[in-house]
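Please examine the following structure with attention to its strands, its helices and the contact between its chains. The questions below take these topics in turn.

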Amino acid sequence: MSTSVKISANHLNVFYGQKQALFDISLDINQNEVTALIGPSGCGKSTFIRCINRMNDVIDICKVEGEIAIDGKNIYDPKVDVVSLREKVGMVFQKPNPFPKSIYENVCYGPKIHGIAQSKDELDTIVESSLKRAALWNEVKDRLQEPGTSLSGGQQQRLCIARAISVNPEVILMDEPCSALDPVATAKIEELIDELKKTFTIVIVTHSMSQAVRVSQKTGFFHLGKLIEVGSTEKIFKNPTNNMTQDYITGRFG
Amino acid sequence: MTNDTHIVKSYGEELQFLNDSVIQMGSLTESLLADSMNAITILDKEAVSRIIQSDKKINEYRAKIDTQIMTLLVKRAPMAIDLRITITALRISQDLERIGDLAKGNAKKMLPLPQDLSQELLKSLKRLGAIVESQLNKSLDAYIKKSKDLSVEVIKLDTSVNELAYLSIKEMLSFLSKDTKNLEYATNLLFVAKNLERAGDHIRRIAENIYFLVEGDYYKK
């Protein structure tokens, strides 16, 4: 497996107004791997992944210092086109949020606005392959015109994953993608993540330690805006170096 | 050092309970081993009946520890140090049970106890028994204190146990070549020496597990 670095954060500091949310984060994320970010609520892990596709740009008081490089290019360079950055870096959120449109339109929306496909045939192909890659095709192929919101929670989340991958991104960010799902739907998403990492680089924020162990190869532990420890998932959960990491993953934090 | 208190108090209590069970099982094994050496070397008949009882109890402990571990795994999905506490308890209890079996087997080999026995034959065996007993005692000490240094001491002691076992067997063979009065009994003593050496191997494994528990890594020479 390739272990080349896809995303590299260097001395990243993030502020919301006067309040500093991230302190000097330097973290490498490997290509075709799943990197899990763990830590208590408010530790900055979501802030961090939202920096990777510049989602924080929409918050007026948010200020970012330092850099995040994807394939060696700083995404905070003023010349970077944010729209094409977000084409390259897709995102899946905690709560499934399909558009109030049909299943078909949910998936073809991205390829349409990014000009990836023009003809109906091309769109059909993309919709089918995206839904197949999101392991949803068999369940929805006969009801593509039904609203996306008519699907179950787990299916909606897979629809959102299909929507994210329809524009051929290189990176997928997942912010607690299974926290609203039952164990069966969670298992399907985890199985999907395992499959998707062959094609994409995945960064996942999760509150479930066991999920981090199951899906990721690398884990970073955040606390109070600082990256306390990062290493192979196996090392972090069997024998972490830092006592704070150990206290957190063993439930001794308080 | 890691904080001792879990947010979920009962989780911490369950781990403590498991730790205590291993220590209790260990001290039972320790007295069984001592009894078995007494049965052999001072022909203590009462020791033999005590041994049968202790061995039963040790087996019960093993089953109890197994249950505790399965419950912990299912309920808590332990991580890091907690995972190592759980896994090593499983391994250590297996080794303790085997030591108990070997010690009981040794005592049983001595039945019926002979009327008289040359102390010459027992000299090196006593020394071997004493060193294995102290090796087990040290390993339990290492477990209670979660001490890496003590565990390494126990691991290193195993070389002396092996040497002494070899010496014992040689001495017994040379005794047997001159004196065949207690031939059957003395032949059994050869097995006793071999079993003590095997008990030493189990104690070494216990110590290696304590090292793993403390360090999170395997012991390397």
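Q: In the hairpin of β1(A) and β2(A), which residue takes a positive phi?
A: This is a predicted model, in which local features need pLDDT of at least 70, side-chain atom pairs count only at pLDDT 80 or more, and totals for chains, interfaces and linings use all residues. Residues are numbered from 1 along each chain as its sequence is written, while chains are lettered from A and ligands numbered from 1 in the order in which they are written. Strands (DSSP runs of E, at least two residues) and helices (runs of H or I, at least four) are numbered from the N terminus. The hairpin has two residues between its strands, and the positive phi, near 65°, belongs to Gly17(A).

Q: Which residue of β2(A) stands opposite Leu12(A)?
A: Strands β1 (residues 5-16) and β2 (residues 19-30) of chain A run antiparallel and are joined by eight bridges; two strands pair if DSSP finds at least two bridges between them. Within β2(A), Leu27(A) is the bridge partner of Ala9(A). The residue opposite Leu12(A) is Ile25(A).

Q: Why is one side of each edge strand left without a neighbour in the four-stranded sheet of chain A?
A: This open sheet has the order β2-β1-β4-β5 in chain A, with antiparallel pairing. One side of each edge strand has no neighbour in the sheet because each has a single partner strand, the edge strands being β2 and β5 (73-74) of chain A.

Q: Which strands are the edge strands of the six-stranded sheet of chain A?
A: The sheet is open and mixed in pairing, with the order β6-β7-β8-β3-β9-β10 in chain A. Inside it, β3 (residues 34-38) and β8 (residues 201-205) of chain A run parallel through four bridges, with Ala36(A) opposite Ile204(A). The strands that pair on one side only are β6 (89-92) and β10 (226-232) of chain A.

Q: Which helix gives the most to the side of chain A that touches chain B?
A: Contact (C-beta atoms, placed from the backbone, within 7 Å) involves 15 residues of chain A and 16 residues of chain B. Helices α8 (209-215), α9 (233-238) and α10 (243-249) of chain A each supply at least two residues to this side of chain A. The greatest contribution, four residues, comes from α10(A).

Q: Are α3(B) and α6(B) roughly parallel or roughly antiparallel?
A: Chain B has six helices and zero strands. Its helices α3 (residues 80-109) and α6 (residues 183-215) pack at about 170°, with their axes 9 Å apart; axes are lines fitted to C-alpha atoms over the stretch in contact, and angles run from 0 to 180 degrees between N-to-C directions. Angles under 35 degrees count as roughly parallel, over 145 as roughly antiparallel, 65 to 115 as roughly perpendicular and the rest as oblique. The angle therefore makes α3(B) and α6(B) roughly antiparallel.

Methods
Contact = placed C-beta atoms within 7 Å.
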